[in-house]
Amino acid sequence: MPIVNASTNINALIQKHRNDADWVGLKLISEKTTFRSVRNDLPEQNHTQYDQGLRVEVLIDGHFGYAGTSDLSSYGIEKAFQKAIEQTRMWSKFKIHSFTTEQRPKNIGKYSSQIQKPLDTLSTKEIMDVLRDCTQKMNVSSQIVNRIAKAMIIQTQIHSVSSDGGEQLQDFSMVNLELFATANKNNDNQTRSAGFQNQIGAEVFLRHRLFPVCESIGKQAIELISAENCPSEKMKVILSPDQMTLQIHESIGHPLELDRILGDERNYAGWSFVQMEDFGRLQYGSKLMNVTFDPTRYGELASYDFDDSGARATKEYLIKDGVLVRALGSIESQARSNIAGVANFRSASWNRPPIDRMANINLEPGTTNLKDMIEKLDRGLILHTNRSWSIDDYRNKFQFGCEYAQLIKDGQVKKIYKNPNYRGKTVEFWNNLIAVGSEFETYGSPFCGKGEPSQVIRVGHSSPYCLFDNVDVFGGLS
Amino acid sequence: MKTASSISRIEQSYIDVSTIAFNELKNNEEAIVNLSGEESLFVRFNRSKIRQNIFVEQANVTLQLQSSSQMTRATWPLTGDKEIDSKEMKLMLGRLRAELDQLPADPHLVKLENHGSSHEDKTCHRHDEELIEEIIEQTQTSDMAGLFAGGPVFVGNKNSKGQNHWFSSSNFFFDYSLYHGQKAVKGIYAGQSWDDQSFQNKIYESQNMISLLKKPTREVKPGEYRVYLAPGAVNEMLSLMSWGALSQKAYKSGTCAFQKLADKSKKLSPLIGLRENFDIGWTPKFNSLGEVAENHTPLIEKGDLVQFLTSSKSAMEYKLKANAANETESPRSIEMKTGLLDRDDILRELNTGLYISNLHYLNWSDLSMARFTGMTRYACFWVENGEIVAPIQDLRFDESFFRCWGDELMAITNFSELEPGVSTYYEREHGGKKIPGLLINKWNFTL
């Protein structure tokens, strides 16, 4: 059953227009996104967005150009072809690189998210009831002043065809479920949150899985409003997997994007401290650091079989034993730089051109279990759940804030601190990685922003708990 | 470039589907139909060449259906084809009606009213495709990265009570950076009509500023310094206001950075004034409920919080008066009050410290203390005795609005600059800000 009602036969369209340019590609993207949220037991949002559009891509005189339209009438489609061809022909003389059809590999295949229960099998009422019950479970004290449970439920179909006979059909089922509890005491507010971001089906809405999390964040928000501010000192820090997600994303994922290194992003998100000559040489982190690009891991938010160029996705090491070995560079960026890359040419939708993006960027598990990591710590902090993020446009100097800190002394959790923050420089920080946990957890984000025109993309990150030495930690003023 | 007739095609279809929706309502049902669309040319540049070009035509209609106590919404593409669009509207109405029955009652649901009608058409004919060659020609001696975006944007709002609003505009912007090595000058040339001479002057001004970046870089140690924040830097600070600082709902739910300001346990300098100013004219005055804002809505006056942005939904929940804020209660057309500092006196008054043209990646670091972190970016300089000495290596800061807009605020410029909204996530942004520069006695750099 189609997600959106309009039907467009792109196989017929590609036959009709296959000789309009040196190469022609079409992408029909249909997406249904439903936002449901409950706040303090009451309905807050019920909104379903049906998006559908066609992107026409043409190669003319070595230049790829695009047109995208949501007008799927024959008038709208023909206009998109006309604009893509005219404008690309007009501006090919100003192209930054002369591309060929080698940058559009011909592949044929299908991908589907692996799920247990289709998202459409739950009614609106059933979902809203679960979310309402979640907010009720957060209500552990009269000091809890705000409780939110919200779900972003996404179903996407991407049908790609090309003039050389390539065809891919990819079908995604995704949920971003978030829980927030805010407590207030003496004019101080503290929020604890939890999130689930996966390619998953309706099985995500299981009360027995969600309720303990709701109760836990409610209780921890209450702990925080009576806690002291995090101290300011350099110390050992264990980052939880939900904070590692952000640390990996900002200080590994973005600086390794090859289009940033090539300068495409300099007017918006920024450049990168990583230089072309760093690949194969730069000791990015300690020898415990192994980072992979892995869209083949089912269940993570950015799993797929083919990127927008048609390239088949494979798992690749970006950093091996701490050494930078490969870039997050698409087939176009690889041609421009002669640097080894990955299948990461991705667009937010039919109305944006593909650029170099993260997909699933994971820190591979090590050999230390969390219990041992804590027991061997004389003094340090465990920092949980990101709440603030900022890094410079070269992805070097960062400052991140977390919701909840636990002080470890002599191998035991002694107390809780509020408002923990830490700052550092990317390469120095990762070279202070001194232990990597043996079990990973998976998180992600549907909202990674980049590009001109700007676009958000879905990314997944898996990581174990990790221990870092000599981290510059500080607290709040309140 | 979208022709007037193709906008008319979408507008007519929007009128037709709205009529269908309103005619088919039952008993106590009410409905709003919102439209948002654009026809845009985006050209992305790197090293003064074209990296990518895309032409985008999109229009989306949102139907909000509500009963006396429940509400739901759906958004879908409007094609301009009467037969397709009419069929889709009937289908969506049926879907929403079925969903409405399943929703729990919302005691804070806003009843629809007729908030009147308005029609602002600022579209014009401009040949954006012809500007691309001019951009390349004027910047080919520089290392330029940037984005050109232009074409018509339009917004419509109708409801079943008879309300009817329309806003359309044909603006453009060229948002660029000119690089010298790893240092750059940032510029934006924007408006409704393109003037070759003005554009060339703008680029010439940026190229001249690059000469200052060619001096050896000064590494400034972390610590507290006097700073001048140019309007481009203050723009980033005002963007942070959209993250709950001026929102009634954020205040009531414990996630507002200016809670202590509202509770009067913290103060800002009497020099600080913020208001919504729809006279700027780049965004419609009506919100998604069709409520029309006053031309001027004061938010902070003489350092005191006058009012939060309050949506009708918040007003219902907290029994307050609404001020036509949008649902997210974020500013749409904000203006910061100017002061007395003359442009020619900026460097002299700064004396010794940092001239900061832009900031980057701001985020709250301690919300309840209105404390935020971020980076310096683009053309920032060390100044000694009123003279620019050297460009600096970028610095991280961690500051509180209660300090830098409080006791440490020395002066505000007597001029302001219009900063157009250049966000292009999902669709081109409407709106802009009117922003002066700030002279601040102590600013805390940390890394």
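**Exercise 1. Locate A:Asp410 in this predicted model and decide whether it is buried or exposed.**

Step 1. In the predicted model, A:Asp410 sits in the loop of chain A that runs between strand E17 (397–409) and strand E18 (412–418).
Step 2. Turning to the backbone, A:Asp410 is not a glycine, and yet its phi is positive, at about 50 degrees.
Step 3. The relative accessibility of A:Asp410 is 62%, and because the cut-off for exposed is over 50%, A:Asp410 counts as exposed.

**Exercise 2. Work out where B:Ser48 lies, and whether it is buried or exposed.**

Step 1. B:Ser48 belongs to the loop between strand E1 (30–46) and E2 of chain B.
Step 2. Its phi is near 60 degrees, which is a positive value in a residue other than glycine.
Step 3. With a relative accessibility of 6%, B:Ser48 falls under the 20% limit and therefore counts as buried.

**Exercise 3. Find which peptide bond is cis at A:Pro453, and where that residue lies.**

Step 1. The bond in question leads from A:Glu452 to A:Pro453, and its omega is near 0 degrees, so that it is cis.
Step 2. A:Pro453 itself is placed in the loop of chain A between strand E20 (433–450) and strand E21 (455–474).

**Exercise 4. Describe the surroundings of B:Glu134 and state how far away the nearest side chain of opposite charge is.**

Step 1. B:Glu134 is part of helix H3 of chain B, which covers residues 131–139.
Step 2. When residues up to four places away in sequence are left out, B:Glu134 touches B:Trp194, B:Asp196, B:Phe199 and B:Gln200.
Step 3. B:Glu134 is buried but has no salt bridge, and the nearest side chain of opposite charge, that of A:Lys93, is 13 Å away, whereas a salt bridge requires the atoms to be within 4 Å.

**Exercise 5. Characterise the interface of chain B and chain A by its contacts, buried area and salt bridges.**

Step 1. On the side of chain B, 97 residues are in contact with 101 residues of chain A.
Step 2. Between them the two chains bury about 8300 Å², of which 46% is on carbon and sulfur atoms.
Step 3. The rule finds 13 salt bridges across this interface; B:Arg51 forms a salt bridge with A:Glu332, with the closest N and O atoms 2.7 Å apart.
Step 4. Polar contacts across the interface amount to 66 residue pairs, both residues being at pLDDT 80 or more.

Key:
Residues numbered from 1 in each chain as written. Chains lettered and ligands numbered in written order. Predicted model: local features only at pLDDT ≥ 70, side-chain atom pairs only at ≥ 80, totals over all residues. Heavy atoms only, no water. Helix = DSSP H or I, 4+ residues; strand = E, 2+ residues; numbered from the N terminus. Buried < 20%, exposed > 50% of the residue type's maximum accessible area, 1.4 Å probe, protein only. Lys, Arg positive; Asp, Glu negative; His and termini not counted. Contact = heavy atoms within 4.5 Å. Buried area = accessible area lost by both parts, 1.4 Å probe. Polar contact = N/O pair within 3.5 Å; in protein donor to acceptor, adjacent residues only side chain to side chain.
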